[in-house]
Structures are given as structure tokens and as C-alpha cells.
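Student: I'd like to learn how to read salt bridges off a model. Can you walk me through it?

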Amino acid sequence: MKKTDLEKSKASKIMGQMRQAPLPGRFGSAAAALPDRREQRKIDQANNLVPFAVKLNADLVKQLQAQAEQEGVPLPELVDRVIRAGLSAAQ
């Protein structure tokens, strides 16, 4: 068997394995479990949440992300808590 034939055989074996592999969760039935943008907007409005975009220093964002990961909380929850603590301390 020639080297090229061997490589073709390996490639076809890999392609067969890829075809038989299960779909990742983001494409399968789990994708349907996530709400679309309109539904998510309604959920956020019901929870009295408003989108608020700001530009922050990259170092500050990295610190916030690291702290959120360390505490195991979502980033928006941590930012909410930090802003509320800062505002209450300023009064």
C-alpha cells in the first residue's frame, strides 16, 4: 500500500468518526431550550432589568471577570453588587 493510499484511508476513517459523533449541545435539542431575543427581552423587562452599556478600562474588566469567576457568580450580578455598594458608600 502506498503512502498516499494510507493517508486517504486514515482520512476516510476520521470522516466516518466525525459523521457518527453526537451533535454538540448548542446545536441539538439544548439549543431550543434557550429563549430567543424577544423572549429574553420580555423576561428581562419582567425582572426590571435594563441594558446599560459602558466602556471600562480593560484591567478593570479583567478584575471583575476574575472576581466573578472566583465567587462563582455571573458577571452582571457582581457588577450590580459592586455598583450598589459604591453608591451606598458614597451617600
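Student: Which residue forms a salt bridge with Lys10, and how far apart are the closest N and O atoms?

Tutor: Start with the general idea: side chains of opposite charge can pair when their charged atoms come close. In this predicted model, Lys10 pairs with Glu7, with 3.8 Å between the closest N and O atoms. That counts as a salt bridge because the cut-off is 4 Å.

Student: Where do Lys10 and Glu7 lie?

Tutor: Both are in helix 1 (residues 3-20), three residues apart, which is about one turn of the helix. As for accessibility, Lys10 is partly exposed at 43%, and Glu7 is partly exposed at 38%.

Student: How many salt bridges does a search of the whole structure find?

Tutor: Three. Another one joins Glu71 to Arg81, the closest N and O atoms being 2.5 Å apart. This pair links distant parts of the chain: Glu71 sits in helix 4 (residues 58-71) and Arg81 in helix 5 (residues 75-90), ten residues apart. Glu71 has a relative accessible area of 35%, so it's partly exposed, and Arg81 is partly exposed too, at 38%.

Student: And what does Arg84 form a salt bridge with?

Tutor: With Asp80, at 3.0 Å between the closest N and O atoms. Arg84 and Asp80 are four residues apart in helix 5, so about one helical turn separates them.

Student: Is Arg84 buried or exposed?

Tutor: Exposed, at 57% relative accessibility; the cut-off for that word is over 50%.

Methods: Residues numbered from 1 in each chain as written. Predicted model: local features only at pLDDT ≥ 70, side-chain atom pairs only at ≥ 80, totals over all residues. Heavy atoms only, no water. Salt bridge = Lys/Arg side-chain N within 4 Å of Asp/Glu carboxyl O. Helix = DSSP H or I, 4+ residues; strand = E, 2+ residues; numbered from the N terminus. Buried < 20%, exposed > 50% of the residue type's maximum accessible area, 1.4 Å probe, protein only.
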